[in-house]
Amino acid sequence: MRVALRDTKYIIKSSGVQLYACEQKGNREMANRMTINYEKKPCYDIVFTNNFDLLSDELQAFDIENRRVAVIADSCTERLFGDAVRSSLENHCQKLILHSFPAGEASKTLDTVKQIYRMLIEEAFDRKDLLIALGGGVVGDITGYAAATYLRGIDFIQIPTTLIAQSDSSIGGKTGVDFDGYKNMVGAFYMPKLVYMNVSVLKELDDRQFYAGFAEVMKHGLIKDTHFYEWLLEHMYEIHDREESILEEMIMRSCTVKKLVVEKDPREQGDRALLNFGHTIGHAIEKAMHFEMLHGECIALGMVAASYISWKHNWLSMEEYYEVRDMFVPFNLPISIDSIDPEEIVRLTKADKKMEAGRIKFVLLKKVGKAVIDKTVTEEDILNAVREIYFSSEDAKE
């Protein structure tokens, strides 16, 4: 540990990751920071805090007083956090606009992006201005895609307000929208200028949304960090109680895994595909269920199915497979489903954007904490795995 002077800054190095704990001048607020690199150069910071008090200070680095700012939210995040963000920023920028759209995956379309374009044009936004994504993964993806494509690129920042966004989707520069119900088929890689994480907002999530987000947290432990996986199990009760210090550590550790992956492969040419563990079958279930299930719930089912294939490929033992499967239960995530057609799920996986030369780049577990990309998974493998999560629910009724 070494101490440097910028207000007060403590730099802690661990596993190749730098965390900065900064004390701001004039108050006692503390914020941990993590820098995300792109092509081995610093690209943007993630700020971890428990309020919106430091938001205007953070944005001063981007000359906010001379920029128009559009906060993009959905109907839920506008209601919960719109006033707090507005009061933090409205006296610090040239003009502040809050634009919202109906909450939910159904809004993740080009039509919603079109509405944002129209608002930006009518308000005469130019390349010097700024967008802010205030919300979960849907808001972040839509805002990022609009920022990437409006006038060929306008700056944006992320203020993620769900666990799934704070632990995963707000980091790494993936943006996009669904097309005809197929997940994220239109998109771009476009990096934010800042990710501002107010961990306290997670207390506003209903239980179902909170635990759905936990699926992506658990994914990071399963694919890259056995110790993190074990830490999650050890802190199960604190996570259930949403203890703020535990949530902040959990999110920072989850972000650390994603940081290491996306820095190594920022445009998903190789190892970044490991982050898709559970997503191939999970996305197919999402579409088959007409998005009535939450993303994290579907990904949990997809991870169970992928772990089953890992067992059948003789990588996980039977005991390890059942341990991974049953691990989702205490976090209120599904491990079975009885309202799908397994053959339809297989058909939908063929439309997955991860298809390559007719084969899916499937992510499996060689062991807990070590995922691999496998191109030998067959339709029969997928069908058997989907039948496993389908018929297990039938067995439970007997």
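Predicted model: local features only at pLDDT ≥ 70, side-chain atom pairs only at ≥ 80, totals over all residues.

Q: OK, and H11 itself, how many of its residues are buried?
A: H11 is mostly covered, with 17 of its 18 residues buried.

Q: What span should H11 have, and how far apart are its end C-alpha atoms?
A: H11 covers residues 295-312, and at 1.5 Å a residue its 18 residues should span 26 Å. The end C-alpha atoms are 26 Å apart, which agrees.

Q: Switching to strands. How does S6 run relative to S7, parallel or antiparallel?
A: Parallel: strand S6 (residues 68-74) is joined to strand S7 (residues 95-101) by seven bridges. To get from S6 to S7, the chain passes through helix H2 (residues 75-89), and this β-α-β crossover is right-handed.

Q: Which residue in S7 is the bridge partner of Val 71?
A: That's Leu 98.

Q: I'm curious about Cys 76. Where is it?
A: Cys 76 sits in helix H2. Its relative accessible area is 31%, so it counts as partly exposed.

Q: And what is the C-alpha separation between Cys 76 and Phe 101?
A: It's 9.1 Å, for two residues that are 25 apart along the chain.

Q: Now salt bridges. How many does the structure hold?
A: There are 24. One of them joins Arg 86 to Asp 83, with the closest N and O atoms 2.8 Å apart.

Q: Why are Arg 86 and Asp 83 separated by about one helical turn?
A: Because they are three residues apart in helix H2. An α-helix has 3.6 residues a turn, so residues three or four places apart point the same way.

Q: What about a pair that links distant parts of the chain?
A: Look at Asp 168 and Lys 219, whose side chains meet in a salt bridge at 3.3 Å, N to O. Asp 168 is in helix H5 (residues 163-169) and Lys 219 is in helix H6 (residues 207-224), 51 residues apart.

Q: Buried or exposed, for Asp 168 and Lys 219?
A: Buried on both sides. Asp 168 has 8% relative accessibility, and Lys 219 has 1%. The cut-off for buried is under 20%, so each one qualifies.

Q: Lys 259 forms a salt bridge with which residue?
A: With Glu 263, where the closest N and O atoms are 2.6 Å apart. Lys 259 is buried at 3% relative accessibility, while Glu 263 is partly exposed at 22%.

Q: Which residues are linked in a network of salt bridges?
A: Arg 68, Asp 126, Lys 128 and Asp 129.

Q: Last one: which residues form a nonpolar patch on the surface?
A: Leu 110, Phe 179 and Met 185 do, with about 260 Å² of accessible area together. Leu 110 belongs to helix H3 (residues 110-122), and at 36% relative accessibility it counts as partly exposed.

Note on methods. Residues numbered from 1 in each chain as written. Heavy atoms only, no water. Patch = residues over 30% accessible without salt bridge, like charges linked within 9 Å, V, L, I, M, F, W, Y side chains within 5 Å. Areas by Shrake-Rupley, 256 points an atom, 1.4 Å probe, with all protein chains shown as cover. Salt bridge = Lys/Arg side-chain N within 4 Å of Asp/Glu carboxyl O. Helix = DSSP H or I, 4+ residues; strand = E, 2+ residues; numbered from the N terminus. Buried < 20%, exposed > 50% of the residue type's maximum accessible area, 1.4 Å probe, protein only. Pairing = 2+ DSSP bridges. Right-handed = clockwise from strand over helix to strand, strands pointing away. Expected span 1.5 Å × (residues − 1).
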